[in-house]
Amino acid sequence: MSLIQLHLQGLRNLAPVEMRPSPRINVVYGVNGSGKTSLLEGIHILGMGRSFRTRQLKNAIQIEAPYMTLYGRLAGSPEVTLGVRRLRAERELELRLRGEKGVRLAELVEAMPLQLINPDAFRLLEGSPAGRREFLDWGVFHVKHHFLEAWKRTRRAVKHRNALLRRGRIVPGEIAVWEQELATWGEQMDTLRQNWFSEFLPVFEETLARLLPLPGLTLRYARGWDKQKPLVEVLQSSRETDQQMGFTQQGPQRADLRIRLNKQPAVEVLSRGQQKLVVSALKLAQGRLLESTARRHCVYLIDDLPAELDEQHRQRFCKLLEEMQCQAFITSVDPAALNGMWQPETPLGMFHVKHSGQGLSQLITDG
């Protein structure tokens, strides 16, 4: 699906935005601080219910504005409408999907699959396993339909077991109930993750080869506990040490993706430009797998694509993105850095974000 209409109001330093994007490539340009990233943030909040710039969503509301309203219309038969509203005085988001209120966040996320490539995406290589688990679970969620239930039940079981571990004296019969629950759903989660990973790996390897051939780079899924033992056995044998630590040390909540180059952590040996291309290959491969398995396209949000990439690698990136037939919103300080990257027949929208002189920035269609 692609956005065919976008309305943003009360978002950061942007004047009200009314945008009819291209179904394929959209280049958003302007000077630093003009609001280019804020536009991507608005689309991200619309599709994910959260910002990639702040944990407190009220911080994304325009200064002195009482609320923020985001609305989008997706192409399709029938068309799908999305809406997010956040009042400054309230913590809860008001979500709408197809005009209906009271929808679950998971429904919103499923309606418009998003992938973000920005400076924070480097955390896939250099950050904690939590970010890589989020990346992994995004892919499984959109392809394996029973994953969300297993994820919720596993998370609940971990929470209850941790509470019992911190309580002090362990009652074996009581904790065994939650260990069995965790083992049942955690192993289902692991099976779904493994199945997804076996489909994802060849797509990633082919995508990376298109962007940056790195013969020694490997990607491996680690499930989070001893692969030779069933999870319930691991949990039972680790009660004492888990009680000392105050949390469950092994299980699907500890899963990770290990990215290495010639047996060393990739982040320690790759240049910044190479890291960006590896991360981009991971993100683009997500979209390619989603398209091949579910016949759905991601919407890509790419902040400052030219940064850290020379012209040759920008061309490789843009060519692959173009072939994917997906919709992309790409920001750049200098639009000339992307000149000549697209085929003449590719639908291309150019949008200029510039200060209006009234403290807010306006989005102008560059005809």
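**View 1. Pro-78 sits in the loop between S4 and strand S5 (80-87).** Helices (H or I, at least four residues) and strands (E, at least two) are DSSP runs, numbered from the N terminus. The peptide bond leading from Ser-77 into Pro-78 is cis, with omega near 5°. Most residues other than glycine have a negative phi, and most peptide bonds are trans. A quick note on the model: it is predicted, so local features need pLDDT of at least 70 and side-chain atom pairs count only at pLDDT 80 or more, while totals for chains, interfaces and linings use all residues. Residues are numbered from 1 along each chain as its sequence is written, and side-chain values use heavy atoms, with hydrogens and water left out.

**View 2. Gly-72 belongs to strand S4 (residues 67-74).** Buried or exposed? Gly-72 is buried, because its relative accessibility is 0%; the cut-offs are under 20% relative accessible area for buried, over 50% for exposed, and partly exposed in between (1.4 Å probe, protein chains only). Leaving aside residues up to four places away in sequence, Gly-72 touches Leu-3, Gln-5, Leu-46, Val-80, Thr-81 and Leu-82, where contact means heavy atoms within 4.5 Å. Take Leu-3: 69 residues separate it from Gly-72 along the chain, yet their C-alpha atoms are 6.6 Å apart.

View 3. Glu-64 is in the loop between H1 and S4, and it counts as exposed because its relative accessible area is 76%. With 47% relative accessibility, Gln-325 is partly exposed.

**View 4. Helix H4 (residues 129-143) is mostly covered.** Of its 15 residues, eleven are buried. Among them are Arg-132, Arg-133, Asp-137 and His-142, along with Phe-135, Leu-136, Trp-138 and Phe-141. From first C-alpha to last, H4 reaches 21 Å, close to the 21 Å expected at 1.5 Å a residue; that expected span is 1.5 Å times one less than the number of residues.

**View 5. The largest nonpolar core has 100 residues.** A nonpolar core here is a set of buried Ala, Val, Leu, Ile, Met, Phe, Trp, Tyr and Cys residues joined through side-chain atoms within 4.5 Å. Which residues have the most contacts inside the largest core? They are Leu-217, Tyr-300 and Leu-321. Helix H6 (residues 172-211) supplies the largest share of this core, with ten residues. Back at Leu-217, its contacts beyond four places in sequence are Phe-204, Leu-208, Ile-259, Arg-260, Leu-261, Ala-266, Leu-270 and Val-278.

**View 6. The second largest pocket holds about 170 Å³ of space.** On a 1 Å grid over the protein atoms alone, a pocket is an open set of points where a 1.4 Å probe fits, with protein on both sides within 12 Å along at least five of seven lines; lining residues have an atom within 4 Å of a point. Of the 14 lining residues, Asn-32, Gly-33, Lys-36, Thr-37 and Asp-303 are the closest to the centre. H1 gives the most to this lining, three residues.

Notes: Grid points are joined across faces, edges and corners, and a volume is the space filled by probe spheres set on the points.
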